[in-house]
Amino acid sequence: MKIFSKEQIYQGDKITEERQELPASELMERAGLQIFNWMHMRMQGAQVPVHIFCGIGNNGGDGLVLARHLITHGYNVEVYVVNCGNSRSDDFLTAYDKVKEVTKKWPKLLKCENDFPTFHKDDIIVDAVFGIGLNRKIDDWIKALFKHFKASGAFTLSVDIPSGLYTDAPIEDREGVVRANYTLSFQAPKAIFFLPETAEYTAQWEVIDVGIDREFLMQTETEFELISKNEVIPIYKPRERFSHKGLFGHGLIIGGSYGKIGAVQLASRSVLSAGAGLVTAYVPKCGYLPIQTSLPEAMVITDEDEYSITSIKFDLEPTAIGIGIGMGKAAESFKVFKTLLTSTKVPMVIDADALNMISENKELLELVPENSILTPHPKELERLIGNWTDDFDKLKKTSEFSLKHKVIVIIKGANTITVLGEKKFINVTGNPGMSTGGSGDVLTGIITGLLCQSYSPVEASLFGVYLHGRAGDMALEEYGYQSLLASNIIDYMGDAYIDLFKQPEQPQVEEAE
Ligand SMILES: NC(=O)C1=CN([C@@H]2O[C@H](COP(=O)(O)OP(=O)(O)OC[C@H]3O[C@@H](n4cnc5c(N)ncnc54)[C@H](OP(=O)(O)O)[C@@H]3O)[C@@H](O)[C@H]2O)[C@H](O)CC1
Ligand SMILES: [K+]
């Protein structure tokens with residue numbers, strides 16, 4: 001699903017109005033009506049007090065249209081206009097007049113803290129103060145209003161985005177943002193719903209379709225894209241009946257050091273569970289027995305050294321290589337890593353200590369083959385690209401890094417983001433139970449396994465991150481957040497694949513007699 005920028009949203013509105021020859025305010029009417037339908041379906045006429053706080057732009061206008069429908073359907077509604085300026089938008093004014101047509105109880109004007117209403121924790125607050133039009137720091141009294149919402153404990157529904165968030169810039173004051181229990185966002189979610197510093201304000205979200213021109217939606221290229229099942233199904237390569245293991249490639253996992261052989265075992269097992277035909281683990285001598293016994297499906301080649309990797313010598317032709325897991329940063333390992341970078345022609349996933357070696361010796365970046373996949377967690381990323389001031393700065397720097405070195409960077413986190421030049425793909429699967437030792441090794445193995453099956457580096461990255469998260473989500477149901485282990489993620493890889501083609505459960509329809 002595409003995530004549109006603020007400018008694209010405004011442009012989409014304009015194009016839609018022209019192409020569909022819409023009267024003024026029609027999109028706002030659609031927006032307000034859809035939110036009403038959403039609430040009406042859940043509330044079924046319940047007389048819970050609903051407090052609707054409207055700004056003076058179009059976000060406020062959406063709130064007023066919602067208010068009008070709730071009032072005409074007999075709901076218990078209080079409407080407030082948060083008087084944050086003088087420039088009321090035209091559509092706001094139209095919506096305001098229409099509210100006055102259906103009730104004698106006109107919206108209350110709020111100008112300062114003394115005007116704040118009191119509400120009960122069982123009431124509902126609708127936040128339609130600011131939408132994507134926020135363009136400066138909010139006044140203190142409006143910040144106090146948002147704190148007042150929070151202190152009430154009432155369920156807060158935000159229209160489009162939680163008020164106080166910018167769609168394309170960091171938060172200035174964390175108290176000056178509405179904490180929404182639920183956000184109904186128009187046409188597409190916003191990138192800020194998924195970034196670490198802003199995601200917490202949008203506990204849950206849903207998209208409301210306001211009928212923006214389909215052609216515009218299809219043709220517009222976006223910086224951000226959300227990757228869920230719909231986006232990965234077209235990537236999936238079905239298996240032919242007469243296929244054999246030779247067709248699915250041979251993965252080579254290089255890594256491990258004394259005490260960190262398990263990482264290679266996890267990654268190698270993941271290569272196979274992702275579907276590669278063969279896997280070889282390249283480990284120091286001390287890894288021979290553990291891997292041979294715990295993973296009989298794998299082949300093992302050992303280094304000359306007992307404890308760490310000092311010379312990468314193998315006479316096989318791998319289809320893809322995953323390197324760095326548990327490898328340590330011994331001087332010899334660095335040398336052989338450098339040699340491998342110059343000699344290898346196959347796609348590569350670079351993780352963990354291999355990333356750290358690059359961070360400590362930036363000249364290695366020149367040698368990293370084009371389209372290699374780097375999988376840093378935030379600390380490793382910082383070592384690679386330097387520190388950042390906020391999420392937007394981080395993404396900008398990662399994009400620059402990706403463009404400059406022609407690599408794919410997978411920023412691991414709650415919503416893992418795959419960065420390919422300017423483009424950012426946000427993954428939706430995964431859960432906090434996966435923040436556990438070895439989870440990253442599994443991801444490296446899965447992506448290597450997909451590369452083996454001729455998925456392109458971008459496809460392997462997106463599909464791998466998706467499958468890893470989905471397997472983790474399925475494993476969570478059995479193990480729970482605390483007890484989920486990295487190997488459980490591998491156990492659920494099969495289910496994650498099968499789940500791709502599962503139809504959502506249909507509601508039961510009673511058969512006629
Ligand atoms: N396709 C869609 O998604 C549709 C979305 N709709 C809704 O429209 C809003 C965006 O509406 P807009 O009027 O552009 O912006 P806001 O309502 O968010 O803000 C209104 C004005 O508030 C002023 N402003 C900005 N920052 C501050 C501040 N810190 N303090 C006070 N005032 C502020 C600013 O005006 P100025 O002239 O004062 O600069 C804003 O313009 C979108 O979010 C949806 O809810 C449509 O209804 C349907 C289509
Ligand atoms: K809002």
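Visitor: Which residues is valine 82 in contact with, leaving aside its neighbours within four places in sequence?

Guide: Contacts here are judged by C-beta atoms within 7 Å. In this predicted model, valine 82 touches Phe53, Cys54 and Gly55, and also Leu110, Val129, Ile142 and Leu145, once neighbours within four places in sequence are set aside.

Visitor: Which residues touch the most other members of the largest nonpolar core?

Guide: Val82 is one of them, together with Ile52 and Val126, in a core of 145 residues. Helix α15, residues 457-483, is the element that gives the most to this core, with ten residues. At least three residues come from domain 1 (2-219), and at least three from domain 2 (232-499).

Visitor: Which residues of α2 are buried, and what do they pack against?

Guide: The buried ones are Leu27, Met28, Glu29, Arg30, Ala31, Gly32, Ile35 and Met39. Their packing partners include the helices α1 (6-19), α3 (58-72) and α4 (90-102). The strands β6 (155-159), β7 (182-186) and β8 (205-208) are also among those partners.

Visitor: How many residues surround ligand 1, and which are the closest?

Guide: There are 32 around ligand 1, the closest being Gly57, Asn58, Asn59, Gly131 and Gly133. Two or more residues of this shell come from each of α1, α2 and α3. Helix α3 gives the most, with five residues. Sorted by class, the shell has 13 nonpolar, 14 polar and five charged residues.

Visitor: One more position, please: is threonine 375 buried or exposed?

Guide: The cut-off for buried is 20 or more other C-beta atoms within 10 Å. Threonine 375 has 30 C-beta neighbours inside 10 Å, so this residue counts as buried. Threonine 375 sits in the loop between β15 (373-374) and α12 (378-385).

Visitor: What is threonine 375 in contact with, beyond four places in sequence?

Guide: Its contacts are Val349, Asp351, Ile410, Lys412, Gly440, Leu443 and Thr444. For a distance to check in your viewer, threonine 375 and aspartate 391 are 16 residues apart in sequence and 17 Å apart in space, C-alpha to C-alpha.

How values were computed
Residues are numbered from 1 along each chain as its sequence is written. Chains are lettered from A and ligands numbered from 1 in the order in which they are written. This is a predicted model: local features need pLDDT of at least 70, side-chain atom pairs count only at pLDDT 80 or more; totals for chains, interfaces and linings use all residues. A residue is buried if 20 or more other C-beta atoms lie within 10 Å of its own, exposed if 12 or fewer, and partly exposed in between; C-beta atoms are placed from the backbone. Helices (H or I, at least four residues) and strands (E, at least two) are DSSP runs, numbered from the N terminus. Two residues are in contact if their C-beta atoms, placed from the backbone, lie within 7 Å. A nonpolar core is a set of buried Ala, Val, Leu, Ile, Met, Phe, Trp, Tyr and Cys residues joined through C-beta atoms within 7 Å. Domain bounds come from an automatic or database domain assignment. A residue is near a molecule or strand if its C-beta atom, placed from the backbone, lies within 6 Å of it. Ala, Val, Leu, Ile, Met, Phe, Trp, Tyr, Cys and Pro count as nonpolar, Asp, Glu, Lys and Arg as charged, and the others, Gly among them, as polar.
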